[in-house]
Amino acid sequence: MEWHEDLENICQQSGLKGKKLSKAMENFSLNIRVLKGQADLINQAKKESQEYLRQITEAAQSMGLGKFNDSQTDIPDVLDSPL
């Protein structure tokens, strides 16, 4: 994104002109949109994963499978399980 503002100057310094300059800028813009979309998907997957881990921890707490403190929000390293 930092390059986007100065992209035209960078392309011109590289010797691009006319249609090649337009195509380079168009491709760059497309790539930025794709990368933003992928970053959004990754962030959403991270949020969902954190929610799943929270639910697993709460389920383990409610079933008495682990040693938890009231203030503990992270999943413990070892769960005491009869399995």
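The paragraphs below take up a helix, a residue inside it and a residue from the segment before another helix.

This is a predicted model, in which local features need pLDDT of at least 70, side-chain atom pairs count only at pLDDT 80 or more, and totals for chains, interfaces and linings use all residues. Residues are numbered from 1 along each chain as its sequence is written, and side-chain values use heavy atoms, with hydrogens and water left out.

Helix H2 covers residues 18-63, where helices are DSSP runs of H or I with at least four residues, numbered from the N terminus. Its 46 residues should span 68 Å at 1.5 Å a residue, and the end C-alpha atoms are 68 Å apart, which agrees; the expected span is 1.5 Å times one less than the number of residues. Just after H2, Gly64 takes a positive phi of about 70°.

The buried residues of H2 (under 20% relative accessible area, with a 1.4 Å probe and protein chains only) are Leu21, Phe28, Ile32, Thr57 and Ala60, and what covers them includes H1. Thr57 has a relative accessible area of 5%, and its side chain reaches the backbone oxygen of Leu53 at 2.9 Å, a polar contact being a pair of N or O atoms within 3.5 Å, one able to donate a hydrogen and the other to accept it.

His4 sits in the segment before helix H1 (7-13). Leaving aside neighbours within four places in sequence, His4 is in contact (heavy atoms within 4.5 Å) with Phe28 and Ser29.

Methods: Helices (H or I, at least four residues) and strands (E, at least two) are DSSP runs, numbered from the N terminus. Buried means under 20% relative accessible area, exposed over 50%, partly exposed in between (1.4 Å probe, protein chains only).
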